[in-house]
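Here is a short tour of a structure, taken one piece at a time. Have the sequence and the 3D view open as you read.

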Amino acid sequence: MLKIRETIYKYLFTIFAFASLIFLAGIIIVLLKESLPVFAEVGPFKFLFNKFWYPTYEPPEFGILSLVVASVIITLGAMCVCVPVGLGSALYLHEIASPTQRAILKPVIEILAGIPSIVYGFFGMVIVAPFLQDLLGIPTGLCAFTASLVLGIMATPTVCSIAEDALSFVPRSFREASLALGANRWQTLTRVTMPAAGSGISTAVVLGMSRAVGETMTVLMVAGGAAVIPKSFFDPVRPMTATIAAEMGEAVMGSPHFHALFAIGLILFLITLIFNIVTEIASRRFRIKLGLGR
Amino acid sequence: MRISKMLLKRGLFIGLILTMCCFGQGLAASGAEITIKGSTTVLPIAQLAAEEFMDAHPEVDISVQGGGSGMGIASLLDGTTEIATASRKIKAKELGRARANGIQVVETPIAVDGIAVIIHPTNKLKDLSIQQIRAVYTGDISNWKGIGGKDMKIVVISRDTSSGTFETFEKLALNKQKVRPDALTVASNMTVARTVAQTPGAIGYVGLGYITKRVKALSVDRVECTRETIKSGHYPLARELFIYTDGQPAGQTREFIDYILSTEGQDLVRAEGFIGIR
C-alpha cells in the first residue's frame, strides 16, 4: 500500500514539477507566434527605434522607443529610491536593531510588500501626485518622477528582505574572525560582511529592478500615459506595461496593433529574462565565494 | 504498478463525472444570466437599470462590466457577453468580423450623450471653437495665451484608444487628426474629471454625466453644453449610445432592453445625467 502511494506521489509531483516548464514553453511560443507578424510588417528596426506610437490611426505607427525610454527612466528613478532605502534598512536590521525593533520592523516591511499594487497606484494618484504638483509647481503631478517615487517605495521591501537574508547568510565565523583581528564594527561591515554578501545584495537590487520594470497598475495610474520621450524627469510618460494594459482590451484580435502589443510583451519578457540570468550568475558566485559549493 | 494504473483510471473516471456535473450546473443556470460589457460611458446607466430590473425579476442575474466600447463589441463577437454597450457606432471592420463569426449584430440606440470640454474652475476661459479645440489637442497651440487665456502651459488630457468617448471626440472634434503625443492619457471619464479638477492648466473631455462642480464645462462654438442644446442637435459634440446584441434579443435580454427603453428606464437614463432617446 505504501509503495503504491509513493508511486502516485512520485508521478503527481513529477507532473507538478514539469507543469511550470510547460507553462513557460507555452508562453514563449505564444509570445513569439503573436509578435513576429509585427516585425515582418513594420520591421524590427523601425519598431524599436521609431518614437511615434499611434496604433489606431490610419496609417498606424508602431514605434516603441518612447515606451522603452519611459520604462527605463521610471525603473532607474525607482532604483534611486529603493536601493538606498532598502539596503539601508537591511543593514540597520542586521547590524544595529535590537531584537525588539527587529521583531516589529521585519513584519512591517513584509506587510509593505503585500499591499496590492492598485492601492499604491491610487495612493500615488490621489495623494502623491497633487502634493508634488503643488510643491514643485509642475504642470501635472502625473509624471515620471511620481511614478518612480511610488514604484521605489513598492520595490523597497523586496530589496530589503533579500539583502537582509544575504547579510544573515554570511557565516558568523567571518565576522568573529574580523572582530578578533581588532577591526571595529564599521570596518567589519564594510570590508568583510558586505563583500561576502555582495552578490546576494546585487541579487536583491536586480530583483527590485525586475519588480519595478514589470509593474503595471501603478504606472498606468500615476505615470500620466503620454507616449513621448520626456524632456525632463517631470514630464508624463507611458511605460511598456501600461501601454499593454490600456490597449489590449481594444486591439482587434489578429490586427497589427494586437501583434505589436504582444511584441512589447516579448521585449519585456526578454528584459526580465536577462535580469533573472544576471541574478542567477550573481547568486552562484555568492555561494562559491562562501565555500558553500554550488 | 498495475494497481496504480487502475487507481489512475478510477481517478480519471471520477474527474470526468465531476466535470459533467459542473457542466450540467452551468447549463441549468445560464437561462437567467445576462452579461453586459462595454463602454464606461454607458456603465452607470447599465448598472442602475440592471439593479432595478433585478429587483423586479429576482430570478435574473445580470453582471455589468466596463472595459470600453471596443472591448464590449469584441466580447459580443467572441460570444462571451449577451449585451455589448457602446458609445460609438460599430465599425465596418467589426461588422466584418461578426459575419465571419456568424453573429448577426443588432443595434438599439438607448440614449444621447454630449461630450463636454472641461477646464479647471480657476481658468477664466468660457468658450472655444472646434478649430481651437483641435489646435490644442493636435499640439498647434500649447499655451493658454494662444487661445485668449493667461500665460500658462496647457496640460492636455485625453483617453486611451479603447474609449468610445475618445473615438467620438476624435471624429467630431479632431477630424481624425492625431492627438499630440505628449497628451496625458487616462483610463476613465471619472479620472479625466478628477485630473482636470486638480490641475489648473488642464483641459479634458468627458461625457455630460461626468461634469462635476469641481470642473468648468466650456461652450463650444458659442453653444453651451446642456441637455437642451444636445437634444436639439445644436451642440456639436453629441453622440448616441447603443446596445448591441447577437440577433434580435429574446427572453430576459429582450425584457431588459425593453425596460431601458420604457418610460421608467429612460427616467434612469436622465437620472444619470444623459438624455433620453424618447
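## Two helices side by side

Let's start in chain A, where helix α6 (residues 144–169) and helix α8 (residues 185–214) pack at an angle of about 155°, with their axes 8 Å apart. Axes here are lines fitted to C-alpha atoms, for helices over the stretch in contact, and angles run from 0 to 180 degrees between N-to-C directions. α6(A) and α8(A) are therefore roughly antiparallel to each other; angles under 35 degrees count as roughly parallel, over 145 as roughly antiparallel, 65 to 115 as roughly perpendicular and the rest as oblique.

Who meets whom? Among the residues on the α6(A) side are A:L151, A:M154 and A:F169, and those on the α8(A) side include A:T193, A:G200 and A:R211. Two residues are in contact if their C-beta atoms, placed from the backbone, lie within 7 Å. By class, this contact has 15 nonpolar residues, five polar and one charged. Ala, Val, Leu, Ile, Met, Phe, Trp, Tyr, Cys and Pro count as nonpolar, Asp, Glu, Lys and Arg as charged, and the others, Gly among them, as polar.

A word on the ground rules: this is a predicted model, where local features need pLDDT of at least 70 and side-chain atom pairs count only at pLDDT 80 or more, while totals for chains, interfaces and linings use all residues. Residues are numbered from 1 along each chain as its sequence is written, and chains are lettered from A and ligands numbered from 1 in the order in which they are written.

## Another partner for α8(A)

Helix α3 (residues 65–96) of chain A also packs with α8(A), at an angle of about 140° and with the axes 9 Å apart. That makes α3(A) oblique to α8(A). This crossing, too, is right-handed. A:S71, A:C82 and A:E95 are among the α3(A) residues involved, and α8(A) brings A:L189, A:M209 and A:V213, among others. The tally is twelve nonpolar, four polar and one charged.

## Chain A as a whole

Stepping back, chain A has eleven helices and two strands. Helices (H or I, at least four residues) and strands (E, at least two) are DSSP runs, numbered from the N terminus. The C-alpha trace spans about 75 × 70 × 35 Å along its principal axes. Of the 294 residues in chain A, 40% are buried; that label takes 20 or more other C-beta atoms within 10 Å of a residue's own, with exposed meaning 12 or fewer and partly exposed in between, C-beta atoms being placed from the backbone.

## Where A touches B

The contact between the chains takes 26 residues from chain A and 25 residues from chain B. On the chain A side, α1 (2–42), α5 (117–136) and α10 (240–247) each supply at least two residues. The largest share, three residues, comes from α1(A).

## A look at chain B

Which residues are buried in helix α5 (residues 130–138) of chain B? They are B:Q132, B:I133, B:V136 and B:Y137. These four cover an arc of only 130° around the axis, which puts them on the same side of α5(B); the arc is that of the directions from the helix axis to the C-beta atoms. Just after α5(B), B:G139 takes a positive phi of about 100°.

Key
A crossing is left-handed if the near helix is turned anticlockwise from the far one by less than a right angle, and right-handed if clockwise.
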